[in-house]
Amino acid sequence: MMNKRQSEEVITRLRKIEGQIRGIVKMIENERYCIDILSQTRAVVSAMRKVEDMVMYQHLHTCVAESMKSGSKEDRNRKIDEVMQMFSQFKKGG
(Lines give C-alpha, C1' and ligand atoms only; values in the text may rest on other atoms or scores of the structure.)
Protein backbone atom coordinates (compact mmCIF):
# COMPACT_ATOMS: atom_id res chain seq x y z
CA MET A 1 0.00 0.00 0.00
CA MET A 2 1.19 3.46 -0.80
CA ASN A 3 1.32 6.18 1.79
CA LYS A 4 -0.41 9.51 1.16
CA ARG A 5 2.67 11.21 -0.32
CA GLN A 6 3.38 8.32 -2.67
CA SER A 7 -0.26 8.15 -3.77
CA GLU A 8 -0.28 11.88 -4.48
CA GLU A 9 2.90 11.55 -6.55
CA VAL A 10 1.39 8.76 -8.66
CA ILE A 11 -1.89 10.67 -9.06
CA THR A 12 0.01 13.79 -10.14
CA ARG A 13 1.83 11.80 -12.80
CA LEU A 14 -1.40 10.20 -14.00
CA ARG A 15 -3.07 13.60 -14.29
CA LYS A 16 -0.17 14.81 -16.42
CA ILE A 17 -0.57 11.74 -18.61
CA GLU A 18 -4.29 12.46 -18.85
CA GLY A 19 -3.42 15.95 -20.14
CA GLN A 20 -0.98 14.48 -22.64
CA ILE A 21 -3.68 12.16 -23.96
CA ARG A 22 -6.12 15.04 -24.34
CA GLY A 23 -3.40 16.82 -26.29
CA ILE A 24 -2.98 13.82 -28.57
CA VAL A 25 -6.72 13.76 -29.23
CA LYS A 26 -6.56 17.42 -30.26
CA MET A 27 -3.57 16.71 -32.47
CA ILE A 28 -5.54 14.02 -34.28
CA GLU A 29 -8.61 16.24 -34.55
CA ASN A 30 -6.40 18.97 -36.04
CA GLU A 31 -4.86 16.47 -38.46
CA ARG A 32 -1.34 17.01 -37.20
CA TYR A 33 1.63 15.24 -38.75
CA CYS A 34 1.66 11.53 -37.86
CA ILE A 35 5.24 11.53 -36.61
CA ASP A 36 4.40 14.34 -34.17
CA ILE A 37 1.47 12.29 -32.86
CA LEU A 38 3.63 9.18 -32.56
CA SER A 39 6.22 11.17 -30.65
CA GLN A 40 3.56 12.15 -28.13
CA THR A 41 2.19 8.62 -27.82
CA ARG A 42 5.71 7.37 -27.05
CA ALA A 43 5.98 10.00 -24.32
CA VAL A 44 2.72 8.74 -22.79
CA VAL A 45 3.91 5.13 -22.91
CA SER A 46 7.16 6.13 -21.22
CA ALA A 47 5.29 8.07 -18.54
CA MET A 48 3.00 5.09 -17.88
CA ARG A 49 6.02 2.82 -17.49
CA LYS A 50 7.33 5.19 -14.84
CA VAL A 51 4.00 4.95 -13.01
CA GLU A 52 4.20 1.15 -13.22
CA ASP A 53 7.70 1.27 -11.76
CA MET A 54 6.58 3.49 -8.89
CA VAL A 55 3.63 1.24 -8.03
CA MET A 56 5.71 -1.94 -8.31
CA TYR A 57 8.41 -0.44 -6.08
CA GLN A 58 5.82 0.32 -3.42
CA HIS A 59 4.22 -3.10 -3.78
CA LEU A 60 7.56 -4.82 -3.26
CA HIS A 61 8.49 -2.65 -0.29
CA THR A 62 5.12 -2.93 1.44
CA CYS A 63 2.81 -5.80 0.48
CA VAL A 64 5.51 -8.25 -0.54
CA ALA A 65 7.90 -7.31 2.29
CA GLU A 66 5.11 -7.71 4.85
CA SER A 67 4.20 -11.06 3.37
CA MET A 68 7.80 -12.25 3.64
CA LYS A 69 7.83 -11.28 7.34
CA SER A 70 4.41 -12.79 8.09
CA GLY A 71 5.55 -16.35 8.52
CA SER A 72 2.76 -17.60 6.26
CA LYS A 73 4.28 -19.72 3.53
CA GLU A 74 0.97 -19.63 1.62
CA ASP A 75 0.89 -15.82 1.67
CA ARG A 76 4.55 -15.59 0.61
CA ASN A 77 3.97 -17.97 -2.29
CA ARG A 78 0.86 -16.06 -3.38
CA LYS A 79 2.78 -12.75 -3.43
CA ILE A 80 5.69 -14.30 -5.34
CA ASP A 81 3.26 -15.77 -7.88
CA GLU A 82 1.56 -12.37 -8.31
CA VAL A 83 4.86 -10.62 -8.95
CA MET A 84 6.06 -13.31 -11.36
CA GLN A 85 2.78 -13.12 -13.27
CA MET A 86 3.16 -9.33 -13.52
CA PHE A 87 6.76 -9.63 -14.74
CA SER A 88 5.58 -12.12 -17.36
CA GLN A 89 2.96 -9.61 -18.57
CA PHE A 90 5.61 -6.86 -18.71
CA LYS A 91 7.79 -9.08 -20.91
CA LYS A 92 4.90 -9.68 -23.28
CA GLY A 93 4.27 -5.95 -23.47
CA GLY A 94 0.82 -6.03 -21.97
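Modeller: Before we start, a definition: buried means under 20% relative accessible area, exposed means over 50%, and partly exposed lies in between. Also, this is a predicted model.

Biologist: Okay. Is Lys79 buried or exposed, then?

Modeller: Lys79 has 17% relative accessibility, so Lys79 counts as buried.

Biologist: Which helix is Lys79 in?

Modeller: Lys79 is found in helix α3, which covers residues 73–92.

Biologist: And what does Lys79 touch?

Modeller: Leaving out residues up to four places away in sequence, Lys79 touches Cys63, Val64 and Ser67.

Biologist: How far apart are Lys79 and His59?

Modeller: In sequence, Lys79 and His59 are 20 residues apart. In space the C-alpha to C-alpha distance is 9.8 Å.

Biologist: Back to Cys63. Why does Cys63 count as partly exposed?

Modeller: Because its relative accessibility is 22%.

Biologist: And Cys34, buried or exposed?

Modeller: Exposed, because Cys34 has 56% relative accessibility.

Biologist: How many disulfides are there?

Modeller: Zero, from a search of the whole structure.

Biologist: New topic. At what angle do α1 and α2 pack?

Modeller: Helix α1 (residues 4–29) and helix α2 (residues 34–70) pack at about 165 degrees, and their axes are 10 Å apart. Angles over 145 degrees count as roughly antiparallel, so α1 and α2 are roughly antiparallel to each other.

Biologist: What residues make up the contact of α1 with α2?

Modeller: The residues there are 15 nonpolar, five polar and four charged.

Biologist: Is the crossing of α1 and α2 left-handed or right-handed?

Modeller: α1 passes α2 in a left-handed crossing.

Technical notes:
Residues numbered from 1 in each chain as written. Predicted model: local features only at pLDDT ≥ 70, side-chain atom pairs only at ≥ 80, totals over all residues. Heavy atoms only, no water. Disulfide = S-S within 2.5 Å. Buried < 20%, exposed > 50% of the residue type's maximum accessible area, 1.4 Å probe, protein only. Axes fitted to C-alpha atoms, helices over the stretch in contact; angles between N-to-C directions. Helix = DSSP H or I, 4+ residues; strand = E, 2+ residues; numbered from the N terminus. Parallel < 35°, antiparallel > 145°, perpendicular 65-115°, else oblique. Left-handed = near helix turned anticlockwise from the far one by under 90°. Nonpolar A, V, L, I, M, F, W, Y, C, P; charged D, E, K, R; others polar. Contact = heavy atoms within 4.5 Å.
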